[in-house]
Amino acid sequence: MKLYYAPGACSLADHIALIETDITYELERVDLKTKRTEGGEDYLKVNPKGYVPALKFDDGEVLTENIAILSYLAERSGTLMPADGIPHWRVLETMAFISTELHKNFKPLLAPGSSDDEKNRAKDILSKRFGFLDECLGDRTFILGDDMTIADCYLFVMLMWAKDKVALGLPRHLAGYYETLKQRPSIVRAFQEEGLS
Ligand SMILES: N[C@@H](CCC(=O)N[C@@H](CS)C(=O)NCC(=O)O)C(=O)O
């Protein structure tokens, strides 16, 4: 299967999950401005929505949206998400929170043309949402306990943006969690493969 990605974009979460799950993959970089891939494909033909990530299967089928791709990788590999019961739904609950309460609120800070008011409001909301997650994390190793899940793959990227793209201070537990995750072999490898420092 092939992951369409842009360096340091939210597709990094799927890239980390691919490495963690040991699924064989190829990478295809997308230029989000021109909507062309490094191999010269018209990306809009792969994903008409025009954004990354997209996961193309060997039969040509394409899956999009972080929550769907990450959940697919977890189900297919039998790792990174408990199979059933409340622990399973906790992962999806956290994924929805990351997608709608964190990821979406970065948009005014990263997209051109936002007013200062919009940016300040987004920063306030993000600080509150990160504060909530910091309390949930406490002294745990991963956001939902002792085992890494797809929620950690996604949350890692949001923390990276908070620190490196919008200079938002991270609360104490999340700051330590981020630094520890950054040393994890899957994340080090994903950074190398995306050409990130
Ligand atoms: N709803 C999508 C959003 C994906 C998304 O926001 N992708 C960004 C990178 S992090 C992108 O490709 N933006 C370029 C564009 O929208 O043109 C998902 O969760 O997968």
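Residues are numbered from 1 along each chain as its sequence is written. In this predicted model, local features need pLDDT of at least 70, side-chain atom pairs count only at pLDDT 80 or more, totals for chains, interfaces and linings use all residues, and side-chain values use heavy atoms, with hydrogens and water left out.

Reader: How many residues surround the ligand, and which are the closest?
Author: A residue counts as near if one of its heavy atoms lies within 4 Å of the molecule. The shell holds 13 residues. The closest are Cys10, Lys35, Val52, Glu65 and Lys107.

Reader: How far is an oxygen atom of the ligand from an N or O atom in the side chain of lysine 107?
Author: A polar contact is a pair of N or O atoms within 3.5 Å; within protein, one must be able to donate a hydrogen and the other to accept it, and residues adjacent in sequence count only if both atoms are side-chain atoms. Valine 52 uses a backbone N or O atom, 2.9 Å from a ligand nitrogen. For the side chain of lysine 107 and a ligand oxygen, the distance is 2.6 Å.

Reader: What share of the area that the ligand exposes alone does the protein bury?
Author: Accessible areas come from the Shrake-Rupley method with a 1.4 Å probe; for residues, only the protein chains shown count as cover. Taken alone, the ligand exposes 510 Å². The protein buries 78% of that.

Reader: Which classes make up the shell around the ligand?
Author: Ala, Val, Leu, Ile, Met, Phe, Trp, Tyr, Cys and Pro count as nonpolar, Asp, Glu, Lys and Arg as charged, and the others, Gly among them, as polar. The shell divides into eight nonpolar, two polar and three charged residues.

Reader: Which helix gives the largest share of the lining of the largest pocket?
Author: Helices (H or I, at least four residues) and strands (E, at least two) are DSSP runs, numbered from the N terminus. Helix H3 (66–77), H4 and H6 each supply at least two lining residues. H4 (85–110) and H6 (150–164) also each give at least two residues to the ligand shell. The largest share of the lining, six residues, comes from H4.

Reader: What is omega for the peptide bond between valine 52 and proline 53?
Author: Proline 53 lies in the loop between helix H2 (43–46) and strand E4 (54–56). The bond that joins valine 52 to proline 53 is cis. Omega is about 5°.

Reader: What is phi of aspartate 22?
Author: Aspartate 22 lies in the loop between helix H1 (11–21) and strand E2 (26–31). Its phi is positive, in a residue other than glycine. The value is near 65°.
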